[in-house]
Amino acid sequence: MGPFRPLLALATLLTAALSLASCEAAGRAKVAARAPTEEERTRYPWLPASVQVRSLEETFAPPEGYARVPLEAGSFGAWLRGLPLRPEGSPVRDFQGRTVLAASDARLAAVGELDVGTADLQQCADSILRLHAEWRWASGHPERIAYRFTSGHVASWPRYAAGDRARVSGSKVTWVPERAAADRSRAAFRGYLNLLFTYAGTLSLQAEGARPPREQLRPGDFFVLGGSPGHTVLVLDVATNAKGERVALVGQGFTPAQDFHVLAGRDGPWFPLEGEHLATPFWAPFPMTSLRRLPSP
């Protein structure tokens, strides 16, 4: 062994330690996955007992000098803050189980524990609609679950659960009463979501969302550039510092239908919100004028 080998080994260890410290300082901590609690399985009702999860909040600490913004209990943003994530080292897989984003990809911060289904349906806008609908379900407001198709027609879960079914012909949608037996089960809810995903998208999400001023941006809001194709990303959490500067955790679904995932930028998972655009790794920058918000509850 040459005289410099021990020094090189020490330098390698120090570099690795500094990289880990830098990662943690940027807001990403190593958190052991665990079985979901009873409360988590109630708040996130798609979760099977067999999975291993960690919450968004415990996984991503705010950057140094920042603190999470206060949120109203029971709000969509507060619900997203506890969103269950898969264990560290999980890749993003598509609806056929193929890896579309390796766990080591620098643009990936974490993968949500949210089933994507077996068809190419739950893409970007659909993922946001899914999460918002799941929040309404878990919050005891299933009667409020209703969103618009791209045609502008309303797709209502209560109507679907009562057995009504949509007949779609081009841009015309007609709801036919009692085409199926009434069913309010989770399986029927998944059927409703698949119908919604088939006929909704970034254009309908963009039109349906309210336009909050950027100063009022909060977790649960989203940025959307409607089109065919278009894209949208969801604000999962927001933190601020003493100067009033803000940063956000951002997540997305994508094409083909794939696992919902938390994004990472050049400086880690927290994206700055002070400029005129939100720049994310997979799409053109989102102007602040593309900020939208779905109704509460």
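Me: Before we start, what does buried mean here?
Reply: Happy to set that out: a residue is buried when its relative accessible area is under 20%. One more thing to keep in mind is that this is a predicted model.

Me: Thanks! Why is D259 called buried?
Reply: D259 has a relative accessible area of 3%, and the cut-off is under 20%, so D259 counts as buried.

Me: And what makes R86 buried?
Reply: The relative accessible area of R86 is 17%. That value is also under 20%, so R86 is buried too.

Me: How do you know that D259 and R86 form a salt bridge?
Reply: The rule asks for a side-chain nitrogen of Lys or Arg within 4 Å of a carboxyl oxygen of Asp or Glu. Between D259 and R86 the N to O distance is 2.9 Å, so the pair meets the rule. D259 sits in the loop between β13 and β14 and R86 in the loop between β3 and β4, so parts 173 residues apart in sequence are tied together.

Me: What makes E113 and R86 a salt bridge?
Reply: Their closest N and O atoms are 3.1 Å apart, and the limit is within 4 Å, so this pair qualifies. Both E113 and R86 are buried.

Me: Why are D237 and R68 called buried?
Reply: D237 has a relative accessible area of 0% and R68 one of 18%; both values are under 20%, so both residues are buried.

Notes. Residues numbered from 1 in each chain as written. Predicted model: local features only at pLDDT ≥ 70, side-chain atom pairs only at ≥ 80, totals over all residues. Heavy atoms only, no water. Buried < 20%, exposed > 50% of the residue type's maximum accessible area, 1.4 Å probe, protein only. Helix = DSSP H or I, 4+ residues; strand = E, 2+ residues; numbered from the N terminus.
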